[in-house]
Amino acid sequence: MEYNYVVVGAGMAGATAARALAEAGKKVLVIEKNDHIAGHCHDYKNTDGITVHTYGPHIFHTNDKDAWEWANRFTNFIYYQHRVLSYAHGRYIPFPINRDTIAELFGTELSINEVQQFLQDEIEHSSFELPLANFRDAVVSQVGETLYQTFFENYTRKQWGRDPEELSADLAKRIPVRNNRDDRYFSDVYQGIPAAGYTGMISNMLDHPEITVQLQSDYLKVRSTMSPEMTVYTGEIDRFFDYCFGKLEYRSLRLEFRTYEQKQYQRAAVVNYPNDYDWTRITEFKQLSGEISDRTTLCFEYPSAEGEPYYIVPDDRNSAMRDEYMEKAAELEAAGTHLFIGRLAEYTYYNMDQVITATLQKINKLL
Ligand SMILES: Cc1cc2nc3c(=O)[nH]c(=O)nc-3n(C[C@H](O)[C@H](O)[C@H](O)COP(=O)(O)OP(=O)(O)OC[C@H]3O[C@@H](n4cnc5c(N)ncnc54)[C@H](O)[C@@H]3O)c2cc1C
């Protein structure tokens, strides 16, 4: 087959790049090592008619109109505003922190104007170091010790497998706190769940006469046989360069899917468990999509050091190593032979909209 461009990976970054290139008249071969498209956004409908997110719950949310319009070209969106409850002290408490969180936890009904002063008092009665030494101090300096201990301390331990004192203060630069009673998890202007599913949305993106998709092929095993004008790489950056500076670390998840014989399991689509049980959160998928079924499918998330690369670990060692790899990538980009895009190729935590924006920017610059 004739093609000018090879795109490695059929996730959000790869599919967006492939589509933008194809619309500019390029012939594109997309190579994906998995047996499915859509990367980490992959979803599917199970036998109970419930859309399950294979790699954990995904909510599309953005303030970027261009990213929203791009996504809407390939699917309609179901109106959805994400809400999360946090199970603490035997109660289900709204999270992120808002007036109702404070009322539920402290038994104090505040007005909008009193929230800042309340937090200020909490902070003054707490101890932390300045300049901020670590994640714990960063959170306590914004919300005080009680809210930190209730929602952040143990959750962070579970999520990262490390003490909050060992993690960078940068991970908690700005803890969202609402003075009002807005309990939505995201405050972005555009939010929703793709009516076609994420897999359907990405399938529509790849559905173009100039795009060919080849599944179950690891590019790094066949790259010596290919000589395209350009390669857009969305896989792991350290693997691309044969781990020449070492292996970048990822935090993984073990996901346990359970279907129960009941219509509804919990009071919100996602419930966090900061302090109790081994899992960090439970997602009830039908609450994301609004699908109706007599049964319900849940996802229990257990963080793990081993497995599929989910979250980057932004500590000093990994950040320094990332910079070395990105320098090598920049040389290939300057030579005009490669582009490196997406969460794995840039070793950056990106939301889906950020992946779309970053990809379109790079491809438009190239074109
Ligand atoms: C648990 C979890 C929840 C999330 N929730 C949200 C959310 O609610 N909202 C949000 O906006 N974002 C969310 N995200 C982030 C979102 O998943 C990412 O932004 C997005 O999936 C990144 O797309 P990508 O194309 O960069 O990477 P990926 O989806 O990982 O795609 C990369 C693809 O490249 C393929 N590949 C890699 N190496 C090779 C190779 N050598 N040869 C061939 N193919 C290769 C991989 O198999 C994969 O399919 C979440 C992430 C996680 C982990």
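1. A residue counts as buried if 20 or more other C-beta atoms lie within 10 Å of its own. Ala 22 has 22 other C-beta atoms within 10 Å and is therefore buried. The model is a predicted one, and the points below should be read with that in mind.

2. Ala 22 lies in helix 1. Leaving aside residues up to four places away in sequence, Ala 22 touches Val 28, His 208, Glu 210 and Ile 211. Tyr 347 is 325 residues from Ala 22 along the chain, and the C-alpha atoms of the two are separated by 26 Å.

3. Helix 1 covers residues 12-23, and at 1.5 Å a residue its 12 residues should span 16 Å; the end C-alpha atoms are 16 Å apart, so the two values agree. Just after helix 1, Gly 25 has a positive phi of about 90°.

4. The buried residues include Met 12, Thr 16, Arg 19 and Leu 21. Their packing partners are strand 1 (5-8), strand 2 (28-31), strand 10 (211-214) and strand 11 (230-233), together with helix 7 (197-206) and helix 12 (352-366).

5. Helix 12 also packs against helix 2 (residues 65-72), at an angle of about 95° and with the axes 9 Å apart. The two helices, helix 2 and helix 12, are therefore roughly perpendicular to each other. Helix 2 contributes Asp 66, Ala 67, Trp 70 and Ala 71 to the contact, and helix 12 contributes Asp 353, Ile 356, Thr 357 and Leu 360. By class, five residues in this contact are nonpolar, one is polar and two are charged.

Methods:
Residues numbered from 1 in each chain as written. Predicted model: local features only at pLDDT ≥ 70, side-chain atom pairs only at ≥ 80, totals over all residues. Helix = DSSP H or I, 4+ residues; strand = E, 2+ residues; numbered from the N terminus. Expected span 1.5 Å × (residues − 1). Buried ≥ 20, exposed ≤ 12 C-beta atoms within 10 Å, placed from the backbone. Contact = placed C-beta atoms within 7 Å. Axes fitted to C-alpha atoms, helices over the stretch in contact; angles between N-to-C directions. Parallel < 35°, antiparallel > 145°, perpendicular 65-115°, else oblique. Nonpolar A, V, L, I, M, F, W, Y, C, P; charged D, E, K, R; others polar.
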